[in-house]
Amino acid sequence: MDNLGKARALAVLVPAVLLGGAYVSQYGFGLYPCEMCWWQRYPHFAALGLGIAAYWLKPPQVWTALAGLAILTSGLIGGFHAGVEYHWWEGITACTAPASGVNVLDFNAAPLIRCDVAPWTLFGISLAGFNFLISSLAGAAIVALAAYRK
């Protein structure tokens, strides 16, 4: 597989796996997303569409590079969010969101999900931190591979 083929595959697989993980953690383990978590998902949705488009639209390098930039954007948002969770800086909103699956009109029953609290960590790294690490590295790799021509 040439570099463009690898980049196109990454441009589809990375957002698909990260979005899949986000939804498994949400619906399988009850780790509901805060507002900033949703901000990280939007560029992955765009990247998935752009990555798929790279298989049919020409020039594929452009669509693949755009997908890589979208993945990188999600990673940068994740880095900012991780900094908010680690209290390195303040978030830009009073970031809370009601947990999905509850009546949002009943504010007494709807638990709020805070952006400055990591609901889960592994080796001290939050989900936002993992998104930063994976998306930043993968996004940069996709853009580099897509831009490289033999």
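Student: Which residues touch the most other members of the largest nonpolar core?

Tutor: In soluble globular proteins, nonpolar side chains tend to be buried together. A nonpolar core is a set of buried Ala, Val, Leu, Ile, Met, Phe, Trp, Tyr and Cys residues joined through side-chain atoms within 4.5 Å. Buried means under 20% relative accessible area, exposed over 50%, and partly exposed in between (1.4 Å probe, protein chains only). Here the largest core has 13 residues, and Val14, Ile71 and Ile142 touch the most other members. Helix H1 (3-29), H2, helix H3 (60-85) and H4 each give two or more residues to this core. Another core, of five residues, lies apart from it and includes Cys34, Met36, Val84 and Ile113.

Student: How are the residues and elements numbered, and what kind of model is this?

Tutor: This is a predicted model, in which local features need pLDDT of at least 70, side-chain atom pairs count only at pLDDT 80 or more, and totals for chains, interfaces and linings use all residues. Residues are numbered from 1 along each chain as its sequence is written, and side-chain values use heavy atoms, with hydrogens and water left out. Helices (H or I, at least four residues) and strands (E, at least two) are DSSP runs, numbered from the N terminus.

Student: What span should helix H2 have?

Tutor: The expected span of a helix is 1.5 Å times one less than its number of residues. Helix H2 (residues 35-53) has 19 residues, so it should span 27 Å; its end C-alpha atoms are 28 Å apart, which agrees.

Student: Which residues does Ser136 touch?

Tutor: Contact means heavy atoms within 4.5 Å. Ser136, in helix H4 (residues 127-147), touches Leu72, Gly75, Leu76 and Asn131, not counting residues up to four places away in sequence. Ser136 counts as buried because its relative accessibility is 15%.

Student: Is Phe123 buried or exposed?

Tutor: Phe123 has 77% relative accessibility, so it counts as exposed. It is found in the loop between strand E3 (121-122) and strand E4 (125-126).
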